[in-house]
Amino acid sequence: MNAVHVDVVSVCVDIPQPPDDSLLGSRRVFDFVEADSRMSLNGVRTAIAFKGLLAQVEVHEKEFGSALHVIKLWAKSRRIYGHNFAFVSSVGLAVATLIAAAESGAKRGGEIVLAFFDFVVSKVVMTYPHVPVIVVEDSMKETDPPTHPGLLDTWSKTTPRDPMTVLTPSFPHVNSCKTMCLASVRIFSVEVARAHELLKRAQQSNSRPSWEELVAPTDAGLASAPALIVVTATGDDAPSLERAAGFTESKIRFLWYSAEAVGLDGRLLPARILSERSSESRAVRFVFVVRTQSGASTAMLDAADRVAHEFRFFLKPAADSSPPLRVECQVAANESPLFNTVVAEASETLIHQRVPRHSAPKCPPTPTR
């Protein structure tokens, strides 16, 4: 169990026997579920919807799973994965992969991967910053869906537009990429274009694309940044550290939103950087990498200080909790002691998060259809 992460979801269902997939996948299930539990069914209902949609387009679940595995490994290694960090979510990638397979007619894992990058280039890369809504059309046939207390409002054409909208295929249809900001969509599109070019080049030469090149790890320019905004969660033992780190990760995207609001260019590094403070205390760091064309400047550092100050507002509940969570936010200019420490810690942490060669999928993307 140490190697397996398990999500346990508690749902209060007023029904004499456990509901089957047919009931769970229908909207009738909400009539038997207490209002406070209804949102907890989203993940299960989305998975059931995927199974039905895959059957409709005649794609085997194993082939779809292999393709999605490749795409997630690519996104993780290129540091553009994770809704808590304002990057693309797992559900968002899955929906785009499903639509790509359906529109292209791809059936095999490698073909589906190629179709995914073709699809996202056309829908995101070529349209940024005006990205159209990405949705499985067959999943939204009903124009006047019922409402249930405890659920988010389902998406409609009057819903305010987010920088990138990828709707879940089950009711209520919500944006699985709602946490993304304009900057993270831009970075995502740049990485998609890079991967697409690699695959296209392999197609033209009729050769197999290099797995190592496709998932080549990146540190998001950490070591060369003019400054970092460092958020450190500290704990005296594993449970207290996890509580502080979990709280911080749930809030960290707001740091990026604040930076974007004041015009501070940069990006979050979607990773927990481990830090050994002492034999009794450990820490986890979250890092916003400041980027600028002109290097460090007083104006840039002032903007970073302002962003850090605003983010401390989101950390206030940590200090007010019982027992208090220890979280601090600091700005580290290039070559400062904190900057050098974080770069060294990140180098050690990220090297262990690289995608190993032996984890390359058995059916990597092939250059021919």
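1. Helices here are DSSP runs of H or I with at least four residues, strands are runs of E with at least two, and both are numbered from the N terminus. Contact means heavy atoms within 4.5 Å.

2. The model is predicted: local features need pLDDT of at least 70 and side-chain atom pairs count only at pLDDT 80 or more, while totals for chains, interfaces and linings use all residues. Residues are numbered from 1 along each chain as its sequence is written, and side-chain values use heavy atoms, with hydrogens and water left out.

3. On the overall make-up, the protein chain has 11 helices and four strands. Of its 369 residues, 47% are buried. Buried means under 20% relative accessible area, exposed means over 50%, and partly exposed is in between (1.4 Å probe, protein chains only). The accessible surface comes to about 18,600 Å², and carbon and sulfur atoms hold 53% of that. These areas come from the Shrake-Rupley method with a 1.4 Å probe; for residues, only the protein chains shown count as cover. Among contacts with a separation of 6 or more, 72% are between residues 24 or more positions apart.

4. Two strands pair if DSSP finds at least two bridges between them.

5. The pairings can be followed by residue. Strand 2 and strand 3 (residues 282–290) are antiparallel over eight bridges, and Ser275 stands opposite Ala283 in strand 3. Strand 1 and strand 4 also run antiparallel, joined by eight bridges; there, Leu228 has Ala332 in strand 4 as its bridge partner. In a regular strand the side chains alternate between the two faces of the sheet.

6. Is strand 2 (residues 266–276) largely enclosed or left open? Eight of its 11 residues are buried, so strand 2 is largely enclosed by the rest of the structure.

7. The largest nonpolar core has 84 residues, of which Trp74, Phe188, Ile229 and Leu264 touch the most other members. Helix 5 gives the most to this core, with 10 residues. A second, separate core of 16 residues includes Leu269, Ile273, Val287 and Phe339. A nonpolar core is a set of buried Ala, Val, Leu, Ile, Met, Phe, Trp, Tyr and Cys residues joined through side-chain atoms within 4.5 Å. Not counting residues up to four places away in sequence, the residues that Ile229 touches include Leu264, Phe286, Ala304, Val307 and Val331.

8. The peptide bond from Tyr128 to Pro129 is cis, with omega near 10°. The bond joining Phe171 and Pro172 is also cis, with omega about -5°. Most peptide bonds are trans, which makes these two worth a look.

9. Thr179 is found in the loop between helix 5 and helix 6. Thr179 counts as buried because its relative accessible area is 14%. A polar atom of its side chain lies 2.8 Å from the backbone oxygen of His83. A polar contact is a pair of N or O atoms within 3.5 Å; within protein, one must be able to donate a hydrogen and the other to accept it, and residues adjacent in sequence count only if both atoms are side-chain atoms. Leaving out residues up to four places away in sequence, Thr179 touches His83, Ala86, Phe87, Arg253 and Tyr257.

10. Most residues other than glycine have a negative phi. Glu58, in the loop between helix 2 (42–56) and helix 3 (61–77), has a positive phi near 60°. Ala220, in the loop between helix 7 (211–214) and strand 1 (227–235), has a positive phi of about 60°. Glu58 is exposed at 63% relative accessibility, whereas Ala220 is buried at 8%.
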